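Hello,

Here is the model for you to look at. My notes follow below it.

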Amino acid sequence: MKKQFLLILLLICVDTFSQTKNKKDTFTFLVTKVLGDLNKDNLEDKVIVTQDTINQNSPYKLQIFFAQPNGEFKLIATSTKAIAPQYPDGRDGYRTGDGFIDITIIKGIVSVNFGLLRGHFEHKYRFQNGNFELIGYSLVSSDGHGTMYTTDFNLSTGMRIEKTESYGEDDQAPTTTKKKILIRPLPKIQDVEPFENELY
């Protein structure tokens with residue numbers, strides 16, 4: 001009886017292991033690939049964004065690879081949160097007009113750019129302390145009724161500048177507010193989720 005029980009237990013363990021091992025990566029659609037030096041070693045690293053087009057939400061996966069001297073690439077960071085899904089409420093759900101635009105690499109900084117129904121925003125990441133940390137957030141948006149809002153948040157220094165200005169017929173003077181908001185430790189790319197934090 002003990003032998004039969006052990007055999008069944010062994011078969012269950014093997015089956016579970018094989019299912020885990022054979023689980024396929026469903027992020028198979030290549031959305032974009034961007035090259036640039038991210039760690040100051042004069043080698044072109046790469047950022048890849050893929051999408052799961054089978055899932056009803058069509059989520060994205062962002063991966064950052066460092067180039068190696070032998071021509072290979074080493075995976076440094078992965079996030080399925082850094083870019084909001086194309087259809088947060090499913091393909092038949094409510095659509096806001098918000099969405100992923102592109103990735104840019106400028107002076108070693110990875111910028112993830114998003115479109116809004118009336119504007120856009122950007123997350124900026126830099127490799128430091130062994131990971132990609134959020135160092136900047138900027139937002140430009142309109143309420144559609146004559147007011148433009150601009151936010152520039154330097155998370156490295158903690159300086160957050162918010163500006164409100166009128167456009168069109170209503171010509172009011174712009175207002176600017178500056179605040180110091182220190183966030184420590186800085187958010188890692190794996191933990192940042194668009195639309196989930198009022199500060200960034």
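**Pockets**

The lining of the largest pocket divides into ten nonpolar, five polar and six charged residues. (Ala, Val, Leu, Ile, Met, Phe, Trp, Tyr, Cys and Pro count as nonpolar, Asp, Glu, Lys and Arg as charged, and the others, Gly among them, as polar.) This is a predicted model: local features need pLDDT of at least 70, side-chain atom pairs count only at pLDDT 80 or more, and totals for chains, interfaces and linings use all residues. Residues are numbered from 1 along each chain as its sequence is written, and side-chain values use heavy atoms, with hydrogens and water left out.

The largest pocket has a volume of about 320 Å³. Of its 21 lining residues, A84, P85, Y87, P88 and F195 are the closest to its centre. A pocket here is an open set of points on a 1 Å grid over the protein atoms alone, where a 1.4 Å probe fits, with protein on both sides within 12 Å along at least five of seven lines; lining residues have an atom within 4 Å of a point. Points are joined across faces, edges and corners, and a volume is the space filled by probe spheres set on them.

The second largest pocket holds about 170 Å³. Its lining includes I106, K124, Y137 and D152. Strand β8 (131-142) and strand β9 (147-154) each give two or more residues to this lining. β8 has the largest share, four residues. By class, the lining has five nonpolar, three polar and two charged residues.

**Sheet and hairpin**

Strands are DSSP runs (E, at least two residues), numbered from the N terminus. Two strands pair if DSSP finds at least two bridges between them.

An open sheet of seven strands runs β5-β6-β7-β8-β9-β10-β11, with antiparallel pairing. β5 (99-106) and β11 (175-180) stand at the edges with a single partner strand each, so one side of each has no neighbour in the sheet. Within the sheet, β6 (109-116) and β7 (119-128) pair over eight bridges. N113 stands opposite E122 in β7.

β3 (60-67) and β4 (73-79) pair in the antiparallel sense over six bridges. They form a hairpin with five residues between them. G71 in the turn has a positive phi of about 95 degrees. I64 has A77 in β4 as its bridge partner.

**One arginine to check**

Is R160 buried or exposed? R160 is buried (under 20% relative accessible area), at 6%. R160 is in strand β10 (159-166). Beyond its neighbours within four places in sequence, R160 is in contact (heavy atoms within 4.5 Å) with residues including Y137, D152, K178 and E198.

Best wishes

Key. Buried means under 20% relative accessible area, exposed over 50%, partly exposed in between (1.4 Å probe, protein chains only).
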